[in-house]
Amino acid sequence: MGSPIVLGIESSCDGTGAGLVRDGRLPGHAVASSMDEHARFGGVVPEIASRAHLHALRPVIREALEEAGLRLSDIGAVAVTTGPGLSGALQVGLAGAKTISYALGVPLYGVHHLAGHVAADTLEHGPLPDPCMVLIVSGGHTSLLLVRDLARDPIVHLGDTLDDAAGECFDKVARVFGLPYPGGPAIDRAARAGDPRAVPFPRPLPGSYDFSFSGLKTAAARWAEGHADVGRELPVADGAASLQEAVADVLTRKAVAACTAYGVGTLVVVGGIAANSRARSLAEERCRAAGIELRVPPLKLCTDNGAMIAAVGDLLVRSGAAPAPLDVSIDPSAPLEHPSLHPVSAGPVAA
């Protein structure tokens, strides 16, 4: 008899996701996004996100089951994002996961959201090489990790975001440029008609594996303000292309340098910004030149989804990891150390 079917639930931000994984294979998944509801505010509104999760959770689970040709009773384990993320949004997903786990009498696993992004690649390319270098580039996180056995070994951080992550930089500069939210796809689209060498934007923290995009964001804003001050039309396409080039240059240069320094032959790029066209093409170019294998999940698995959480749950089940305790809670700011994340509520404070 094979491993159980794992239902994964993701609700850390604006996307409600459900996925089904068994033995590294993905028979079905579904995602509902509340992005359109947040766009007019220029960013995710936590209360709107939580309400959207409440409405979407049951339908996306049903859709994933229908795609896989399965029933709820076929599920043998449940995995759910317990952090990091928006507190109210995480609570919705955890409540749903606990309900299903209890009703079916199956184990529940709390999963770190960023570990889910790492595991997403296994659904397309199979098990991760041991070791491999992982570059996570999402809306609020930019990290460079040395990963061995994802389910069993501690995750080693070589570099992390010190201030603004790459996705935050795109969002904030897009607003200055007059582009819509979310900024990443808008910058990518605008950049197609621009010259990536038009504006000499800075490359932050050369020689370090850490990431800092606050200075780049400020440089782009000042460049735009300089045009407004003298009444000149802003060449948005050139600005977008130059900004995108600077971000892609920093990300890929540091990642390839880390692979070379640590003798690692595979680079895995994951997270929402992994969908950026220039980041992908420059990573391919530099990895090919350095003799490094590049693995990037398909676009549908780069953004937040339940399949990636189910993939972690599947790895934990097959590794024999202990499930979460009944009082498992959430940790909205949890650091990434292990793929499982089983915080428990502190309970009432004694008088």
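**Cavity, pockets and a buried helix**

The largest cavity has a volume of about 80 Å³. A cavity here is a set of points, on a 1 Å grid over the protein atoms alone, where a 1.4 Å probe fits but cannot get out. Grid points are joined across faces, edges and corners, and a volume is the space filled by probe spheres set on the points. The count comes to one cavity of 30 Å³ or more. Its lining consists of 13 residues, and those nearest the centre are Leu135, Thr252, Val269, Ala279 and Ala283; a lining residue has an atom within 4 Å of a point. Strand S6 (132-137), helix H9 (236-262), strand S9 (266-270) and helix H10 (277-290) each give two or more residues to this lining. Helices (H or I, at least four residues) and strands (E, at least two) are DSSP runs, numbered from the N terminus. By class, the cavity lining has eleven nonpolar, one polar and one charged residues. Ala, Val, Leu, Ile, Met, Phe, Trp, Tyr, Cys and Pro count as nonpolar, Asp, Glu, Lys and Arg as charged, and the others, Gly among them, as polar.

The model is predicted: local features need pLDDT of at least 70 and side-chain atom pairs count only at pLDDT 80 or more, while totals for chains, interfaces and linings use all residues. Residues are numbered from 1 along each chain as its sequence is written, and side-chain values use heavy atoms, with hydrogens and water left out.

A pocket is an open set of points with protein on both sides within 12 Å along at least five of seven lines. The largest pocket holds about 1200 Å³ of space. Of its 42 lining residues, Asp14, Met35, Gly139, Asp171 and Tyr181 lie nearest the centre. Strand S3 (25-33), helix H1 (35-39), H4, helix H6 (166-177) and helix H7 (183-191) each supply two or more lining residues, and H6 has the largest share, with seven. The lining is made up of 17 nonpolar, 18 polar and seven charged residues.

The second largest pocket has a volume of about 310 Å³. It is lined by 18 residues, with Pro127, Leu128, Asp149, Leu315 and Arg318 closest to its centre. Helix H5 (122-125) and helix H12 (306-319) each give two or more of them, and the largest share, five residues, comes from H12.

Helix H4 (residues 113-120) is largely enclosed by the rest of the structure, because eight of its eight residues are buried, that is, under 20% relative accessible area (1.4 Å probe, protein chains only). Among them are His113, His117 and Val118.

Note on methods. Buried means under 20% relative accessible area, exposed over 50%, partly exposed in between (1.4 Å probe, protein chains only).
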